[in-house]
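Here are a few friendly notes to read alongside the model. Keep it open as you go through the points.

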Amino acid sequence: QVHLVESGGGWAQAGDSLILSCAASGGTFSMYGMDWYWFRQPPGMRRELVASMTGSGITYVTDSVKGRFTVSRDNDKNTAYLQMNALKPEDTAVYYCAVDSTGLGTYDSWGRGTQVTVSS
């Protein structure tokens, strides 16, 4: 099973930028065959999908972050990134990365999450 570790969370003020990283290790995987997902769970709310990138490089971002967040990856480092610009207080959440490494359409590995707190 792929092991995922997120990093890069922390405190920010509205308008600031943060970049989250999700490093993959272990298991047997190909960066080109693995779909990446970024979720977030605001306090007291349900987890929601924020962005994704397929193994072939097709990206998706949810409407609430469109134009502010960008997903990317570095195949050599087995790492995906979520660049977050123009942060808003409503972006405050625990951010999780997940992958589908099997092509079965399931999130077979999850990171433990990283807290992002944005103050106004």
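1. One term first: a residue is called buried under 20% relative accessible area, exposed over 50%, and partly exposed in between, using a 1.4 Å probe and protein chains only. This is a predicted model, where local features need pLDDT of at least 70, side-chain atom pairs count only at pLDDT 80 or more, and totals for chains, interfaces and linings use all residues. Residues are numbered from 1 along each chain as its sequence is written, and side-chain values use heavy atoms, leaving out hydrogens and water.

2. Find Ala 86 in the loop between β8 and β9; strands (E, at least two residues) are DSSP runs, numbered from the N terminus. Ala 86 is partly exposed because its relative accessible area is 35%. Its phi is near 50°, a positive value in a residue other than glycine.

3. Asn 78 lies in the loop between β7 and β8. Asn 78 also has a positive phi, about 50°, without being a glycine. With 25% relative accessibility, Asn 78 counts as partly exposed.

4. Now look at Ser 52, which sits in strand β5. Ser 52 has a relative accessible area of 10%, so this residue is buried. Leaving aside residues up to four places away in sequence, Ser 52 touches Trp 36, Tyr 37, Ile 58, Thr 59, Tyr 60 and Val 71; contact means heavy atoms within 4.5 Å.

5. Finally, Phe 69: beyond four places away in sequence, its contacts include Arg 40, Val 50, Leu 82 and Tyr 95.

How values were computed:
Helix = DSSP H or I, 4+ residues; strand = E, 2+ residues; numbered from the N terminus.
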